[in-house]
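Okay, thanks everyone, let me get going.

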Amino acid sequence: MYCNACGATVPDDSMQCPECGAPMRAQARPVSPPMKMKNYLVESIVVTICCCLPFGIAAIVFAAQVNGKLQAGDIAGAQDAANKAKMFCWIGFGIGLLVNLIVIIVQALAVMASSGAQM
Amino acid sequence: MSIHHKPHEPVLWVVTGAGAVAACVFLLVFPPGASAYGPVCGFYRLTGLYCPGCGSSRALYQLLHVNVAAAFRCNPFFVLIAPWLVWQYVNWGLRLVGMESLPALRPRSAWALYALAAALTVFAVLRNLPWWPFNLLAPGGP
């Protein structure tokens, strides 16, 4: 680690900086940068527009929860909320895709049936 | 800024962009309403109610023809959020090639996102009301 007073490199278990004599124990540990975590906001919005109504909005709510918990320092809670947001995005996307596939198949079957009846 | 990208992420970026371009081309070739083809809204099919996304295909079609006012009447939320989505996509690309991304424009606060969820819910309810001025929010407008 580094001595906050003079910047010298100091072994981690030092009690005192060999360069300037400042006590090492009293110095604060380096502050980690603010946590960034993927909250799936963009995906949630896309799902809300394209796919299935309640799931997109639910995903946005959990994305909001990620932000809130990150700011409160609850990293585990934020990760849990992020997982839920991701899950709702996938559910909404899956349902939207399924509905469109069903419609395409039904339309194709209808076209085939009508052309078959004319034969 | 350290890069923690999964190896397939550039592919995902290209596929997303290609998908968006394909959607625009599809709309230009098969204008919504003029043909039987096009994505369907499961929610509308099942309930007959407009979800927040209803009209976004038509709105995109209008935007492609640079008809912003008509696009707004199809889906105001889409018109407002589409530039933001493009911005996010561009930033994603910049980060992938290791360049400095533009300001993220993503709120860090929770209340902003709760407000968005609430606004979308209100929008979904209001646009289904048959009275003026709420029916202006429905796709197609008056």
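First a word on terms: when I say contact, I mean heavy atoms within 4.5 Å. With that in mind, take Leu105(B): leaving aside neighbours within four places in sequence, Leu105(B) is in contact with Trp84(B), Trp87(B) and Gln88(B).

Quick housekeeping. This is a predicted model, where local features need pLDDT of at least 70 and side-chain atom pairs count only at pLDDT 80 or more, while totals for chains, interfaces and linings use all residues. Residues are numbered from 1 along each chain as its sequence is written, chains are lettered from A and ligands numbered from 1 in the order in which they are written, and side-chain values use heavy atoms, with hydrogens and water left out.

Back to chain B. Its secondary structure comes to six helices and zero strands; those are DSSP runs numbered from the N terminus, H or I of at least four residues for helices and E of at least two for strands. The C-alpha atoms of chain B fill a box of roughly 55 × 40 × 30 Å along the principal axes. And where does Leu105(B) sit? In the loop between helix H5 (76–96) and helix H6 (110–126) of chain B. From Leu105(B) to Ala118(B) you go 13 residues in sequence and 20 Å in space, C-alpha to C-alpha.

Now, the interface. Chain A puts in 23 residues and chain B 28 residues. The area buried between chain A and chain B is about 2,300 Å², with carbon and sulfur atoms giving 73% of that; buried area here is the accessible area (1.4 Å probe) that two parts lose on being put together, summed over both. As for salt bridges across the interface of chain A and chain B, the rule finds zero, the rule being a side-chain nitrogen of Lys or Arg within 4 Å of a carboxyl oxygen of Asp or Glu.

Which helices of chain A are involved? Helix H1 (41–50), helix H2 (53–72) and helix H3 (75–117) of chain A each supply at least two residues of the side that touches chain B. The largest share, 10 residues, comes from H2(A). By type, that side of chain A divides into 14 nonpolar, eight polar and one charged. Nonpolar covers Ala, Val, Leu, Ile, Met, Phe, Trp, Tyr, Cys and Pro, charged is Asp, Glu, Lys and Arg, and the others, Gly among them, are polar.
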